Amino acid sequence: RHFRLREGNNERFLGPLAALRLVGRASRSGRLEGPRRLLERDWEAFAAGEEAPLHYAHAELWVRFLTEEADAAVRRGWRAYLDGVRRGESVAPRELREHLGASWDELASSFEGWVLEEAALAGLHAEPGSEERVRGG
């Protein structure tokens, strides 16, 4: 579910809208890491610190992109990768990229294009300093 709440002159975004807004803002400012770097991050670096909300939002949207929005060949590769993981095969980023059949740069470019398009369609503006909360929904 998407939530946009107005409280006086302020807007708050919850759930996927907050994730989309946060990742879109990071993309526009050049702070969004590529998928390989996100996947290679150790757990403590992913989940701790002030960038943790961005990492969670990025991961949430990355999975949605691979599951629903990427081109058909990438979606098939994602499903094949998940099938392999279920069978106990490696979860390493290299295996994921091989299943997806595209370079990290191609995947990052497609993902960021999709994020920016979705943010524009949702009417989201990425001004720094506005309140956001990323929470599943």
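Modeller: Start with E51, which is partly exposed at 31% relative accessible area (buried is under 20%, exposed over 50%, partly exposed in between, with a 1.4 Å probe and protein chains only). This is a predicted model: local features need pLDDT of at least 70, side-chain atom pairs need 80 or more, and totals for chains, interfaces and linings use all residues. Residues count from 1 along each chain as its sequence is written, and side-chain values use heavy atoms, without hydrogens or water.

Colleague: OK. Which residue forms a salt bridge with E51?

Modeller: R31 does, with the closest N and O atoms 3.2 Å apart. A salt bridge is a side-chain nitrogen of Lys or Arg within 4 Å of a carboxyl oxygen of Asp or Glu. R31 is partly exposed too, at 39%.

Colleague: Where do R31 and E51 lie in the chain?

Modeller: Both are in loops. R31 lies between helix 1 (16–29) and helix 2 (35–40). E51 lies between helix 3 (43–47) and helix 4 (52–69). The two are 20 residues apart, and the pair links distant parts of the chain. Helices here are DSSP runs (H or I, at least four residues), numbered from the N terminus.

Colleague: How many salt bridges are there in the whole structure?

Modeller: The search finds 10. One of them joins E33 to R41, with the closest N and O atoms 2.3 Å apart.

Colleague: Is E33 buried or exposed?

Modeller: E33 counts as buried, with 14% relative accessibility.

Colleague: What about D83? Which residue does D83 pair with?

Modeller: D83 bridges to R86, and their closest N and O atoms are 3.1 Å apart. Both sit in helix 5 (residues 72–86). They are three residues apart, about one turn of the helix.

Colleague: And R86, buried or exposed?

Modeller: R86 is exposed, at 64%. D83 is partly exposed, at 29%.

Colleague: Back to networks. Which residues are joined by salt bridges that share partners?

Modeller: E33, R37 and R41 form one network that way.

Colleague: New topic: helix packing. Which residues of helix 4 meet helix 7?

Modeller: From helix 4, they are H58, L61, W62, R64, F65 and E69. Contact means heavy atoms within 4.5 Å.

Colleague: And which residues does helix 7 bring?

Modeller: Helix 7 brings W104, L107, S110, F111, W114 and E118.
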